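I opened the model to look up a few local features. My notes follow.

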Amino acid sequence: MQSRITPPARTGGRPRSAAADAAILEATRQGLVELGWSKLTLSDVATRAGVAKTTLYRRWAGKSELVVDAVAELFDELELPDRGSLAADIEGVVLQFALLLGRPETKTALMAVVAESTTDEPLRERIRASIVDRQKRLVLAGRARAQERGELPAESDPVSAAHTADLIFDVIAGAVVHRALVSGEPVDEEWARRFTLLLLGGLAAAAAP
């Protein structure tokens with residue numbers, strides 16, 4: 001599992017504490033659920049985490065960056081299951097993703113940073129680097145496994161392969177986020193199965209000469 005992206009390491013002073021970082025990120029998620037974006041402050045996070053405010057300011061420039069890292073840590077929990085076939089693997093990831101989005105801390109934090117990023121380009125870039133780009137590992141691993149099984153053809157052009165991976169990620173993430181957070185409809189096994197059939201049909205069409 002890839003590690004969380006953090007601000008550049010300092011060359012002097014005290015070394016960073018993994019325990020303090022974990023406490024701060026957990027406190028951030030709890031604070032968002034209880035207080036909401038507008039009322040959450042770094043002072044509140046510091047109190048909940050049991051650290052000095054200066055500890056937060058040394059690690060994060062502001063609330064937006066802190067919340068992105070708190071969300072990114074949750075998404076790093078996602079894993080690619082090996083269920084024997086590409087279709088079953090996709091269904092497993094979709095259901096796992098939906099469960100994650102159903103957690104109050106994920107839903108609150110993700111919706112908050114996405115809303116803020118509409119007028120904050122640096123924040124949008126941080127979301128892309130810390131969450132989107134990191135989670136594309138699932139697509140890359142799933143595609144590689146499917147190619148080893150002979151379920152998908154190998155792609156000799158790395159540029160084309162990267163574009164395909166981006167598209168697969170956008171389709172899966174976009175559909176599940178819209179279904180779970182925008183429409184508020186259930187992402188159950190039947191929906192995951194039908195969605196996977198549609199996705200695989202599109203992949204087969206894209207691979208055809």
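I began with a charge and a ring: the charged end of Lys 63 sits over the ring of Trp 37, 4.6 Å from its centre. I count a charge as over a ring if NZ of Lys or CZ of Arg is within 6 Å of the ring centre and within 35 degrees of the ring normal.

I noted the ground rules: this is a predicted model, where local features need pLDDT of at least 70 and side-chain atom pairs count only at pLDDT 80 or more, while totals for chains, interfaces and linings use all residues. Residues are numbered from 1 along each chain as its sequence is written, and side-chain values use heavy atoms, leaving out hydrogens and water.

Next I looked up Asp 76, which is found in the loop between helix H4 (63-75) and helix H5 (86-101). Helices here are DSSP runs (H or I, at least four residues), numbered from the N terminus. Is Asp 76 buried or exposed? Asp 76 is buried, with a relative accessible area of 8%; buried means under 20%, exposed over 50%, partly exposed in between (1.4 Å probe, protein chains only). I found a polar contact of 2.8 Å between the side chains of Asp 76 and Arg 134. Such a contact is a pair of N or O atoms within 3.5 Å; within protein, one must be able to donate a hydrogen and the other to accept it, and residues adjacent in sequence count only if both atoms are side-chain atoms.

Last, I checked helix H9 (residues 189-207), where Trp 191 and Phe 195 lie four residues apart, about one turn of the helix. Both Trp 191 and Phe 195 are buried.

Key. Helix = DSSP H or I, 4+ residues; strand = E, 2+ residues; numbered from the N terminus. Contact = heavy atoms within 4.5 Å.
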